[in-house]
Amino acid sequence: RCEFHTVRPSSRFMAYGRTLVLTWACCFSFAGSVSPLLRRAIDSKGEITSGPAELQTNVTNHPGNPVVDLLVIIPSSVKELDKRVAVRHSWGKYIDSFGRCKRCNSSRTVKILFGVARPAEGDVRMVEKETEVFGDMAVLNLGGQADHYRNLTAKVRSFLEYALQHFRFGLLLKVDTDSFVFMDRFLSMAE
């Protein structure tokens, strides 16, 4: 039986402006101490005090942006409509229109957001329609790179920048289209 006793980020983090983004692999450990790197990265007020300069960026988070407690970003391909629908109809259905988890009755707000690269000419209308219907799509700028698995790093970085430019959030969770998130357990653990 696996139990998570503490949240202990390791040295894998990205500092964007004043937001610390931890990868899922960094969040769990059986050790009882906080890493010295994280102690250096966040002071007692939760402010980022240091971090690798190459990961710093000038992204501005505007005060008028929507505020959520947890922003879930899911990189996707334009052609993966079936996978986005599967997420919306499985674990995504537990998040109501106000961003509350219906399954866990948490007071925390959650936003699920799919990120796709700029579509080719033939797919523009499909992406526009899906965005209009569901309101959970972000069209990402990959700087002219093709939307291919080899460019996943660029897509995730672009997605992080998009998230920081368009939302204010307390936690960010990046998952894949083939992941299943037990939102009630995650929100409980995050409390």
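Colleague: Which strands does H2 lie across, and at about what angle does H2 run to E6?

Modeller: First, the ground rules: this is a predicted model, where local features need pLDDT of at least 70, side-chain atom pairs count only at pLDDT 80 or more, and totals for chains, interfaces and linings use all residues. Residues are numbered from 1 along each chain as its sequence is written, and side-chain values use heavy atoms, with hydrogens and water left out. H2 lies across E5, E6 and E7.

Colleague: How many helices and strands does the chain have?

Modeller: Helices (H or I, at least four residues) and strands (E, at least two) are DSSP runs, numbered from the N terminus. From that end, the order is β-β-β-β-α-β-α-β-α-β-α-β-α. The count is 5 helices and 8 strands.

Colleague: In what order do the 4 strands of the open sheet stand?

Modeller: Two strands pair if DSSP finds at least two bridges between them. E5 and E6 pair in the parallel sense over 6 bridges. Strand E7 (137–140) and strand E8 (168–174) each have a single partner strand, so they stand at the edges. The order is E7-E6-E5-E8.

Colleague: Which residue in E6 stands opposite Leu71?

Modeller: Strands of a sheet pair through backbone hydrogen bonds, either parallel or antiparallel. In this open sheet the pairing is parallel. Opposite Leu71 stands Lys111.

Colleague: Which strands does helix H5 lie across, and at about what angle does it run to E5?

Modeller: Helix H5 covers residues 183–190. It lies across E5, E6 and E8. Its angle to E5 is about 130 degrees.

Colleague: Which residues is Ile112 in contact with, leaving aside its neighbours within four places in sequence?

Modeller: Contact means heavy atoms within 4.5 Å. Ile112 is among the residues with the most contacts inside the largest core. With those neighbours left aside, its contacts are Val72, Ile74, Trp91, Gly92, Ile95 and Asp136.

Colleague: Is Thr177 buried or exposed?

Modeller: Buried means under 20% relative accessible area, exposed over 50%, partly exposed in between (1.4 Å probe, protein chains only). Thr177 sits in the loop between E8 and H5. Leaving aside its neighbours within four places in sequence, its contacts are Ile74, Pro75, Ser76, Glu80, Lys83 and Val87. At 12% relative accessibility, Thr177 is buried.

Colleague: How many salt bridges does the count come to?

Modeller: Side chains of opposite charge can pair when their charged atoms come close. A salt bridge is a side-chain nitrogen of Lys or Arg within 4 Å of a carboxyl oxygen of Asp or Glu. One of them joins Glu80 and Lys83 (3.4 Å, N to O). The count comes to 11.

Colleague: How many residues apart in sequence are the parts that Arg84 and Glu130 tie together?

Modeller: Their side chains meet in a salt bridge (2.8 Å, N to O). Arg84 lies in helix H2 and Glu130 in helix H3, so the pair ties together parts of the chain that are 46 residues apart.

Colleague: Is Lys79 buried or exposed?

Modeller: Lys79 and Asp123 meet in a salt bridge (3.0 Å, N to O). The pair links loops 44 residues apart. Asp123 counts as buried at 16% relative accessibility. Lys79, at 63%, is exposed.

Methods: Axes are lines fitted to C-alpha atoms, for helices over the stretch in contact, and angles run from 0 to 180 degrees between N-to-C directions. A nonpolar core is a set of buried Ala, Val, Leu, Ile, Met, Phe, Trp, Tyr and Cys residues joined through side-chain atoms within 4.5 Å.
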